[in-house]
Amino acid sequence: MGWFKDRANKILIVMLVLMAVLFGRLFFLTVVEGPQWQEAAEGLYVKTVTTSAPRGEIFDRYGRLLAGNKASFTVQFYEGNLNAAELNAQSLALINILEDNGDMAADDFPINISMDGTLYYTYDVEIYEWLLSQEMPGDLTAQEAFDHIRTELGIDEGLDVFEAQLEMQNIYGYYPPISVARMEFLEDLNKNSFLDRYYLDHELTAEEAFQALRKKFRIDESLSDWDARRIMIVRNALEAQGYMAYLPVDVAQDVSDQSIIDIEEAGDLLANVDIISKPVRYYPYGTTASHILGYLGRISESEKEAYLAEGYSVNDLVGKEGIEKAYEDVLRGTDGTRQVMVNAYGELVQVLSETAPEKGQDIYLTIDIELQQTAEAALEEALSKIRVGGSFESKWGNYKYSTAYKNANVGAAVALDTDTGEVLAMASLPGFDPNLFATGITTENWNSLQSENPRDPLAPLPLYNVASRTAVQPGSTFKMVTATAAMAKGLDPGLLIRDGGAVALGNRTYGCLVWNRYRGTHGRIDLYKALEVSCNYYFYSIGSGWDWADNKSLGLDDMGIDDISYYAEQYGLGLPTGIEIRETVVPTPNEESKLANTKRALRNVLMGRAELYFTEKTVIDKTLLEEYIETIVGWTAENPSRGQIISRLADVGVREEMIETVADLCKYSYFNQAAWTTGDEFNISIGQGENAYTPLQMANYIATIGNGGTLNKVSLIHAIEGEGVVEKEAGTPIDLENTDILDDILEGMRRVAHGEGGSARSMFAKFPVNVAAKTGTAERGGRINPPDEVEYIKEYLPKINSSLEWEAVEEEMYRLLREYPDTYSSQNSAVRQAVINVSGRRTTAADIDAFKDEYDEFAWFVATAPVEDPKISVCVLLVQGGSGPYSGPVAREIIGEYLQLSGEYEDYSLTPEMSE
């Protein structure tokens, strides 16, 4: 008993007893009740439920909702601990329910089945259809397609592929779906990423890849390919999440009540399917301000890696254009997560952890949605009435469009706060409804937003922001730049310069409209009158520093193009405006660009007439043909004599009988025009020639005149939630010793709207405030290509050349395509040469194009008001809208609405949190 009395021994005995109890209980749980607990444990698993964070909302400057969120029901699928057979069964059952009720699953599986059962990659179809839409053979490689586009646009061969890509995007607004770094189609890169996910060879056909995935997913062999594909829609979505596979995937959004009922009734047959309430983007104003707001889109295959690394889910929609894209990081919220334990029936057992979602930050734009609606409505009214020669009806007086322009389908209007550069309204027509993208756009809707005629660069393109991305010649609205440059050089605005009617340079004359139409002149006029009546002759004189009528110098210290371009840049033309969304910028005129453009044009004409000018041996060998053409183009800057050109052409593959023709073409049409000429000075002085600017840039230029000479950064952002009102950068004063020059310019512009000879006088006769304005008419040369050149020629061949038979032309077209595939990449290019060949080269390109519509002129209008203290500056562009005054009524409506002249304008205060 002494041993038991020892305290240490007592502790040991207690520990032994406790261990015996513990082992006994463990034996009971694992051996006696083991099967029961094992069954219960297998029926429990942890799943993560994602609570989607609402995207930050977008408001106008007065707090009116432009882009918000609405609740909708989303079907989600969790992989959990299901085996392959269970995954497949639930996937198929779910997709069948959705299809039966007309709900669309988020189908990102890139292998599809044609009606005849053939399997194909959707990536390949996208490439093929894009090539055909661009009038290229459907089997071109990315390199061949890029080279074709480069040639069609006339991009200098001397530029590397990255420089060429920038020119395509910034100058032509052309974004081919090609990765220039890898020189592959983006869809091919997406396909490779898809195959890499499953460690499949890139060379597998769609059939081979599909069968490999059937095995990987262990899909029952008795199921049809159609049912197998239904399963793969869900399985692929789960696999696409990579290391985030524990998260659910969205299978369908905004589903019907019937689908919800059917899924709920399925019970444990769809245990891994949940229906959650999830915010969906909503744009209450529909198409209004669509180009500003932008739209959302699914994360593409090639983007997934980067987005997933930033914490995105493959389910997420991200900003693709406009503010939605530019401020993706601000608008995006942080999703909440909820880890729960559920049993085999999907019933909640326990909440393990929970993190609440955090909404994205709201953004307040500078635009006024009422003014935006006014701008868009006025644009639509003007374009629709111009097309039929109707009247623009307004409380300020109706404006009659005396001549109809049937192709007036595209336009833009920009209104800026004159003092700050804030965008008050920016409208582009046609527009689009961003609600179409809210849950993922259908193929049908996407196709409806594409150009109806890809061969016509001016055809309506709803997704294209004309206001910030269409850079064209500004016409006479540019004349205030020339006036600024001349006065900075010492021109007295009161100096009278005689309008001599027209200046003859070689075989061309440069004259005013009154001279060209009526052989009239404006007599002796000063700057104010010259702006009022838009006298080209006056601006030819001050732009070149020479009084052409009296044949004497104006004493403007070598005034010329460089001076005009300098002040164009001072006004922000040819430079980025600073706006937060995408814009096009074309540099101001310079001698290097003139040379490059001349080379481009010569290269295009030689390539287009290759079979006519070059030997057969040369035409067959594309590499040799391009080498010879580059050699000829390379003589442009040198500008050799005609005799030297003739002696050289025999060595570069030109047909002997065509040497003199080619020499004259090169010498007189191109080489002599490559350097700056007096004619260039004239054209640039009046806003033609190498000038090309966007409506957005032009509005900021007018605002700079109106505010006394400060170039402001253009902005769409007024405030951001949690950060308050965005502080604006100080503007940059333009380089003028005497800003009174701008008062002189404003006076001239005031006379345009209110002077006796002003082109906008009738328009503003009943307007209650003084407006400074300028009209401009920009010429667009060329003819409109039809969607299908082959059909056009078939229809008009009897008129083009009545002696030709279509069968002969068609046969020659196919011969050219077979024998010269490098030169003629489409039927549209080959058929034209076929007509020329079959006619014995008696039919010319001009003969072929004679029955196509010509492009109409562009109508520009710029204005700022009130003249005494400008508050708003406006620019309007109507593409193929006729003469400048035609766009004036749009500007008048915007100014009247902004200045609250109608007495009906509703004012709003900023929300409290934004007013600080």
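Which residues of α33 are buried? This is a predicted model, in which local features need pLDDT of at least 70, side-chain atom pairs count only at pLDDT 80 or more, and totals for chains, interfaces and linings use all residues. Residues are numbered from 1 along each chain as its sequence is written, and side-chain values use heavy atoms, with hydrogens and water left out.

**View 1. The buried side of helix α33.** Glu789, Val790, Tyr792, Ile793, Leu797 and Ile800 are the buried residues of α33 (buried: under 20% relative accessible area; exposed: over 50%; partly exposed in between; 1.4 Å probe, protein chains only). Down the helix axis they fall within an arc of 140 degrees, so they line one face of α33 (the arc is that of the directions from the axis to the C-beta atoms). Their cover includes α34 (806–819), α35 (827–838) and α36 (845–849). The face turned away from the buried side carries the exposed residues Glu795, Pro798 and Lys799.

**View 2. Asn192 in helix α8.** Helix α8 comprises residues 186–197 (helices are DSSP runs of H or I, at least four residues, numbered from the N terminus). Asn192 is buried, at a relative accessible area of 16%. Neighbours within four places in sequence aside, Asn192 is in contact with Glu184 and His202 (contact: heavy atoms within 4.5 Å).

**View 3. Tyr538 in the largest nonpolar core.** This core has 94 residues, of which Ile323, Leu365, Met426, Tyr538 and Ile745 touch the most other members (a nonpolar core is a set of buried Ala, Val, Leu, Ile, Met, Phe, Trp, Tyr and Cys residues joined through side-chain atoms within 4.5 Å). Not counting residues up to four places away in sequence, the residues touched by Tyr538 include Leu491, Leu495 and Asp526.

Definitions and conventions:
Helices (H or I, at least four residues) and strands (E, at least two) are DSSP runs, numbered from the N terminus.
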